Amino acid sequence: MSGKPPNMIRRRMMLMGGVALGVVGLVGYQFWPRPIRASGPIKFDKLLAIPPLERGRMQNGTRVFDLTLKRGSTVFFEGIRTRSMGINADYLAPVLRLRVGEKTRFNVTNDLGEDSTLHWHGFSLPAVADGGPHQVIRPGETWSPEFTITGKAATMWFHSHMFHKTAEQVWAGLAGMAIIDDEESDLLTLPRNYGVDDIPVVLQDRLFTPAGQMPYVPGMRARMQGMIGNFPMVNGTIGAVFPASTTLLRMRLLNGSNASIYNLRFDDGRSFLQVATDGGFLPAPVRRSGLRLAPGERAEIVVDLSDGQVAKLVNRGIDTGGGMMGGGLPDFTFLEIRPKKLQVPSARLPERLTTLPDVDPARAVNTRRFRLEMGMMGSGFAINGQPMRMDVINEVVKVGQPEIWEVTSNGMLPHPFHVHGTQFRIIDRNGQPPMPGEAGLKDTVLVNPGEVVRILVEFTRYTDAKNPYMYHCHILEHEDGGMMGQFTVV
Ligand SMILES: [Cu+2]
């Protein structure tokens, strides 16, 4: 692991922080941003923010959501208002509750004063409703994509996908979680009382200045490895505590950071059960003691709190594979879960959760290769030698024909590869079948240096010769830099 302060910005911040601390003391701020360190400097004394549930309204058989992208200010540190962006909120968004089979419309109004988009990450939908770089919402305009929710019960998310501005706008807060239910999830005896035993856990880190702002100013290193923060947060709460009233707690983990790959575990080493990947339930719960979650990925876990002991969700720094370049993250705590004295006993978890078809690469009619490329100096981002260009369609895929996509990278950094408009399955990593925890439906897969990752991709429903979907690295600085391509489904 690599626990040293990873860059000069951070060291300079510490110095500036020291100088400014005196000044701040004078004006009476009670808390001061400090760099990420082993859970020390952050006081865990704030209730975890649980975003309100938004169920929309029914209008002629369509579920309708009114969403506004806006600027706001957020109190991350007592006494300091930090400029931020959000969706019907000052930072992040309400959790949208959706249902498989329901026709759904989102009226997305842009009050930011700058161009933006809203991408439905993980959803199978028509390309024109995807919210990628081509569905720009101009300031003051409203964009109203409409589609039927398909697939399975899952934890999805949505975020800005504005070309060259995704990293900056997501950093400011333009992202949120969506929970999809279906008939299968209705019947499972999993914790599902929102905010009580079933909680959203949006994991992020942000780099705060001594004045408590989080401007998006990537230096050369950040353009190369992505913007890494000095404070971890959960649902926008720094130093979050969740009082748990039940013996089992379901946590819907989403890595909503720009660039950080989190190595999650509990501080006391307790194991937990993973019940879902990006696109829905695993066939059966998988017992794990740690979980690596890259930007864009989700995992649902259930943790047993019946021992009544505090459980801290922590990042344990390991080398991300980049060596000096990758840097890795130090150890820190995201969240303290404090069981209440009187615990409500939870129902036993089911042994089977869903059925998934076997991954059969023999079904594939075609193989495509994607080589993720970057140069040394925070430039040269490309896929197969081609940096993202809005007017170039890189691939044309036939509907209903499964394909093998073989993904590799040229450099020393791991890259989370995300495909729009579908859920895929991992065939293998360097010839080895995926571990049980990623053997389910996926839309984002981490490609480690030197690794050949093969995925089975299929588009079954929508065709559009004109409007493309995207595939890209979900390290947002890499994406904005050009590690992205476009494909149509015909
Ligand atoms: Cu990348």
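1. In strand β30 (residues 444-447), the side chains of Thr444 and Leu446 point one way, while Val445 and Val447 point the other way, and all are buried. A residue counts as buried if 20 or more other C-beta atoms, placed from the backbone, lie within 10 Å of its own. Strands are DSSP runs of E of at least two residues, numbered from the N terminus. In a regular strand the side chains alternate between the two faces of the sheet.

2. This is a predicted model, in which local features need pLDDT of at least 70 and side-chain atom pairs count only at pLDDT 80 or more, whereas totals for chains, interfaces and linings use all residues. Residues are numbered from 1 along each chain as its sequence is written.

3. Strand β28 (residues 415-419) runs antiparallel to β30, and four bridges join them. His418 has Thr444 of β30 as its bridge partner. Two strands pair if DSSP finds at least two bridges between them.

4. Five strands form an open sheet with mixed pairing, in the order β2-β6-β12-β11-β8. Its edge strands, β2 (53-54) and β8 (119-121), each pair on one side only. Between β8 and strand β11 (residues 154-159) there are three bridges, and the two run antiparallel. Trp120 has Phe158 of β11 as its bridge partner.

5. Confidence is expressed as pLDDT, the predictor's score for each residue from 0 to 100. The protein chain averages 90, and 90% of the residues score at least 70. Over residues 1-40 the pLDDT is below 50, and this stretch has 58 contacts in the model beyond near neighbours in sequence. A contact requires C-beta atoms, placed from the backbone, within 7 Å. Residues 321-326 also stay under 50.

Note on methods. Buried ≥ 20, exposed ≤ 12 C-beta atoms within 10 Å, placed from the backbone. Contact = placed C-beta atoms within 7 Å.
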